[in-house]
Structure formats: structure tokens, C-alpha cells
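Biologist: I would like to learn how to read a model like this one. Can we take it feature by feature?

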Amino acid sequence: MKQFLLPAMAIIGFAASAQNVGIGTTTPNKARLVVSGTVGNTQAIFGEGQDGVSLETGSPLVGFNNYYFGGRYFMATGYAGSISMNSGTGNFGISTYGTGGAGSPTPVSTSLVTILQNGNVGLGNSLPTATLVVSRGSGAGGTAQFIGTTNSSHFNYSTNEETYIRGGKAASQVIINDVSSGAIRLAEGGGNVGIGLPSPAYKLDIAGNFRTAGIARFEAGIEVPYGSPAANKVLTAADNIGSANWVYPASYNTGFRVFESSARTIGSGTGSFLLFSNAVSGTGGFDDGVNFDNPTGSYVAPATGVYQFNATINFSPVVAGGGGYLELAANTASGSYIFARSTSAAINSGDITPRTLNLSFIARLSVGQKVYLTVFNSIVGTTITTQNGGGSTQTTFSGARLY
């Protein structure tokens, strides 16, 4: 092997061997240029006095516009960065040092990219614990931006620790799992899902309308708080497209069964209204909604609708002094309209007057309209008396709204 030394280079140990060049070594066998030894950690600088490149040993590093000599310094005014590899751990990194003046110390480095020996990659994270770890950025584009032809989609981990996925254009669609028969699983850790809501309070919380083309199945029950829900109300259709309202059933708080509060004595050729009251106790008596008006002995319709009524009037039997009949009628409070009437069979002189008259009828009432009962006695020379109270001979008036 042919060697030669140049006197001027001998001071720094320059050697050439079969066209290989050695600096700091006399046996440059491994490459065309072999450099041995460092100044600080720096083995070579290319571009002295300008924004050049430095090569370092220890943990091999390529410095851009910086070098190491007991500390890291800018080669020229501007920004600096490096690419390095830790031979002890096998980790690879790309860092920047900010900006500074020529010869001034560089700031502490900022890790931009780290590739661990196991293949984990960190962007802005020097110890990635997953295949890809991305630290939250501060730019308007978010943590990750995927650029299309015109717009960009964004993925962001916000300063308040929330995760955002945003489409790239106005009215854009974010499509998740469009694989045939693929499923999407949400909130399996016990959280809630909100649509149009920042803080969902239910497993699925929707601000606005929703529609299903299939069957909605509720196995544990259903709550519909819209409107004015209350015990005993039912959900009924409000229009022909399926809107619904909470309303009481037609019969709710409309039923009653009351008894005559005092006996009525009715002379021949006269009539009398019967005075019923919900205050009289009797078997099966009730007044749902308290719609019976005791002073007038009449029922007051709580809502416009169709009602059914029943009445049983008991009399104390007497011997008729002449012919005639008894009539039971249902009237409006003004007496201007008779809803229905029940008439006894013809009674002759010497007959025993009837013990009971019954009346059942259906009537359409307006809200607030009153209904009361009257008895007319046309039996000649005979006075009759009703039997009041809640006993076995009770005189009753009952009814309820049908619809």
C-alpha cells in the first residue's frame, strides 16, 4: 500500500492511501474520506462563516446552521435544526432550535419528529407510546389537516381536552365505516351520545327532530316530556302527520255518581227539579274532577264532548186518586232544552204509583253547560214523594264523558 505525507498536513494527521483520504488517521481503509477525532463533539463543519452543516459524534448528529463546541452555537444568523440518532437506544430524531445570531448559543431544542427503535413515531412527542403519537398543535388547522383539491379536513385535540373531527367544506359529510354490514360502536365506557348538544344527559340525547324508516323499539319504557305530561294523561295524535299532545282521556275527571240530598214532594199537575249532591254518602258515590254543582243539583260539563248519563229515581208508592203518569226528564240548566225523558205507563185511579223511573241518554254538551233532572206528576189528585239518601232505595244520577 502506497502512502505519502504532505509536510503542511502532517500537523493535522492528513494521510492518503490508494486514493483514500484520512484526517486524524493514517489508515483510511473504510471509506474514501475517513475523519478521526473531534473538536468538542463536532467532527466536521461544511460552510464555515455561513449557514452550513456540521457532523457530530457521540450520538451521531447532523447539524444545520449549528455546531457543538462545549455547547451548541449558531453558525450564521437564522434558524437551526438537526437530525440525530442515539446509538444507545436506537432512537432517531428531528429537532429545531429556534433563531439566533451567528456565534450565539442556540435555545433548547424542540423535538419535531421522533422515531423509536421499535417503530413508534412521535410528532411533537419525544416518547411515543403508540405506533403514531401526535401532540396537539396550536395552529388554526388543528392537530392534523388532510388537504384535498380545494378544501381540507381537520382532526384536532383542543386546549380543553376535547376531540374534534371536522369536514373540509360547508355542509360536508363525515363518513364513518361505510363497509358493508359494518357497525359503529359508541360510548361503551358508559358515556352519552349527543346530537346537536354539547353536554348530553342521556345515552342518546338529540336536540331537534329525528326520523326512522323502521320500527322504534323501547324495551324498558318510554318518556315523552314534551308538552304537559302528567299522571293519567295519554299521548294522542294532534294532526294527520303524527304530531301528538299529552291530554287527559275524554273520560278522565268527568265521571260522577251522586245521590238526592233531600226528598221532593210533587203535587198533582206540577213538576220539580231534583236536588242531588256529591256530599251525600252512598254506595259507589264519587265525583271525579268535582264537576257536580251542589247548589243547583246539576252536572257541569268540564269540556265540550259527548256524554252518557243514567238516572234512577225512587218514589214512595201511594194509591192513585185518579189517572195520569209520571215523567222524568233531563234538561239544560236554563230549562230551554230537554235532552231525554222517561214516562211511566198510564196510571188509573186506585193503582199503586210506580216505585222507580229510570232514564239513560247520550248528549253532546258544550264546556260549562249544565244538566239537571226534573220530575213531572200528572196523576190526578195524587201527591208523590221521592226517596232520598244512599240506602237501598237510593235515588241516583251518574254519568261520564265518552269522547
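Modeller: Start with pairing. Two strands count as paired if DSSP finds at least two bridges between them. Keep in mind that this is a predicted model.

Biologist: Which residue stands opposite Phe 92 in S12?

Modeller: Ile 115 does. Phe 92 belongs to strand S11, residues 92-100. S11 pairs with S12 over five bridges, in the antiparallel sense.

Biologist: What holds such strands together in general?

Modeller: Strands of a sheet pair through backbone hydrogen bonds, either parallel or antiparallel.

Biologist: How many bridges join S12 to S13?

Modeller: Three. S12 covers residues 110-115 and S13 covers 121-123, and they run antiparallel. Here Ile 115 stands opposite Val 121 of S13.

Biologist: What lies between S12 and S13?

Modeller: Five residues, and the two strands form a hairpin. Look at the turn: Gly 119 has a positive phi of about 100 degrees.

Biologist: In what order do the strands of the open sheet come?

Modeller: The order is S5-S6-S7-S10-S11-S12-S13-S14. That is eight strands with mixed pairing. The edges are S5 (42-46) and S14 (132-134), each pairing on one side only. Ignoring direction, neighbouring strands are turned by 15 degrees against each other on average.

Biologist: Now charges. How many salt bridges does a search of the whole structure find?

Modeller: Five. The test is a side-chain nitrogen of Lys or Arg within 4 Å of a carboxyl oxygen of Asp or Glu. One of them joins Arg 72 and Glu 56, at 2.6 Å from N to O. This pair links distant parts of the chain, 16 residues apart: Arg 72 is in strand S9 (72-74), Glu 56 in strand S6 (53-56).

Biologist: Are Arg 72 and Glu 56 buried or exposed?

Modeller: Buried means under 20% relative accessible area. Arg 72 has 16%, so it counts as buried. Glu 56 has 7%, so it is buried as well.

Biologist: Which residue meets Arg 217 in a salt bridge?

Modeller: Glu 219, at 3.1 Å from N to O. Check the accessibility again. Exposed means over 50%. Arg 217 has 68%, so it counts as exposed. Glu 219 is exposed too, with 66%.

Biologist: Last, the surface. Which residues make the nonpolar patch?

Modeller: Phe 146, Phe 155, Ile 165, Val 174, Ile 176, Ile 184 and Leu 186. The patch has an area of about 720 Å². Patch residues need over 30% relative accessible area. Take Ile 184: at 49%, it counts as partly exposed. Ile 184 sits in the loop between strand S17 (163-166) and strand S18 (193-195).

Notes. Residues numbered from 1 in each chain as written. Predicted model: local features only at pLDDT ≥ 70, side-chain atom pairs only at ≥ 80, totals over all residues. Heavy atoms only, no water. Helix = DSSP H or I, 4+ residues; strand = E, 2+ residues; numbered from the N terminus. Axes fitted to C-alpha atoms, helices over the stretch in contact; angles between N-to-C directions. Patch = residues over 30% accessible without salt bridge, like charges linked within 9 Å, V, L, I, M, F, W, Y side chains within 5 Å. Areas by Shrake-Rupley, 256 points an atom, 1.4 Å probe, with all protein chains shown as cover. Buried < 20%, exposed > 50% of the residue type's maximum accessible area, 1.4 Å probe, protein only.
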